[in-house]
Amino acid sequence: MTKALIFGLGGVGCIYGYILEQGSVEVTAVCRSNFEQVKSNGVIVRSAKWGTVIARPHAAQSPKEAAQYGPFDYILVCSKAFPGSSELIRDVVTEGTAIVLAQNGIGIEDEYAAAYPSNTIISGVVYLPTTQVEPGVVEHGTPLERFEIGTYPADANASAKDAVTKLATLFTKGGGTCLPYDDVQAERWEKLSVNACLNPITALSLCDDANFLRSSPGALEVAKDVMREVGAVAAAYGYHGVNKATIDRHMLRHEQRVNGKEPSMLVDVRQNRPVEVEAILGNTVRLAEKENVAVPYLRMLYTLTKARNFAIVQSDEWKPIARVS
């Protein structure tokens with residue numbers, strides 16, 4: 001039987017664990033605050049796609065504890081993409097383990113490839129609006145559910161390509177939507193164009209997506225300007241999919257919402273948690289600098305979001321350095 005570990009049992013991890021379980025995979029999950037609930041009651045998913053269902057993964061409080069249920073064919077990293085995260089799974093990575101990054105951002109694969117040079121790295125783009133409303137209880141209020149995957153690097157060997165195909169098959173068997181790509185970076189850039197725009201803007205303004213776009217006559221064009229900058233960086237690296245049609249299509253979905261949605265950065269700021277500033281914004285700005293692409297909106301958002309993150313991380317010790325009259 002195929003064995004998979006979910007590292008990061010938030011909303012996305014809960015649903016991917018359920019899908020894999022339905023696909024006849026033996027699932028183990030590393031839990032944090034929801035450990036007791038998951039251990040006792042499993043994961044309750046209330047979904048517009050599947051109805052109310054329950055998943056029952058093996059619950060562990062750390063990768064070291066989870067190792068007893070391995071070795072794992074797949075490790076799905078569904079946690080936030082913070083620098084240095086690759087070391088957190090070292091206790092459960094063995095020969096033959098494929099590491100699947102179900103995370104936002106760009107350029108996040110490099111540290112995993114460096115840390116685990118003999119393992120298959122699968123890069124995944126997540127479209128799954130879901131929230132863990134209480135420990136072990138997840139709401140998925142829309143049928144949207146799509147996981148786009150491909151090897152990193154794109155020209156990985158045949159064994160790595162087979163691991164991608166097998167994972168897509170397991171997802172499909174479990175009732176999920178998983179699309180394999182020869183080069184998934186084009187899809188990652190497209191998703192980044194939305195994340196780099198609406199995540200920091202909503203986190204800084206404390207408006208959800210729809211209310212930000214309704215907040216002023218210029219809001220929509222500013223949002224599109226940010227996405228255009230991402231498209232310019234992507235084009236510098238050979239990916240031309242973030243174009244006018246793509247930008248208009250994505251933004252129309254947010255424009256048409258009656259009730260806005262809170263992107264993950266806004267949720268994190270409201271809960272006083274650090275945000276994925278480097279994976280989403282910092283890496284993009286650095287890639288832009290390497291190719292001399294001007295990104296003034298992205299640089300401003302990066303600087304302001306770094307400051308917001310600094311205030312969150314340092315909140316217990318936060319003191320003004322000096323008072324300016």
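I looked up the aromatic rings and found that Tyr 16, Phe 147 and Phe 171 form one aromatic cluster. For a pair, the ring centres of Phe, Tyr or Trp (its six-membered ring) must lie within 6.5 Å; planes under 30 degrees apart count as stacked, over 60 as edge-to-face and the rest as tilted. I noted that the model is predicted: local features need pLDDT of at least 70, side-chain atom pairs count only at pLDDT 80 or more, and totals for chains, interfaces and linings use all residues. Residues are numbered from 1 along each chain as its sequence is written, and side-chain values use heavy atoms, without hydrogens and water.

The structure holds five aromatic pairs. I examined one of them, Tyr 16 with Phe 147, which is tilted, with 4.8 Å between centres and 35° between planes. Tyr 16 belongs to helix H1 and Phe 147 to strand S11 (residues 146-152), 131 residues apart. Helices (H or I, at least four residues) and strands (E, at least two) are DSSP runs, numbered from the N terminus.

I then turned to strand S1 (residues 3-7), which is largely enclosed by the rest of the structure because four of its five residues are buried. S1 pairs in the parallel sense with strand S2 (residues 26-30) over five bridges; two strands pair if DSSP finds at least two bridges between them. Lys 3 has Glu 26 in S2 as its bridge partner. S1 also pairs with strand S6 (residues 74-77), again parallel, over four bridges. There, Leu 5 stands opposite Ile 75.

Terms used: Buried < 20%, exposed > 50% of the residue type's maximum accessible area, 1.4 Å probe, protein only.
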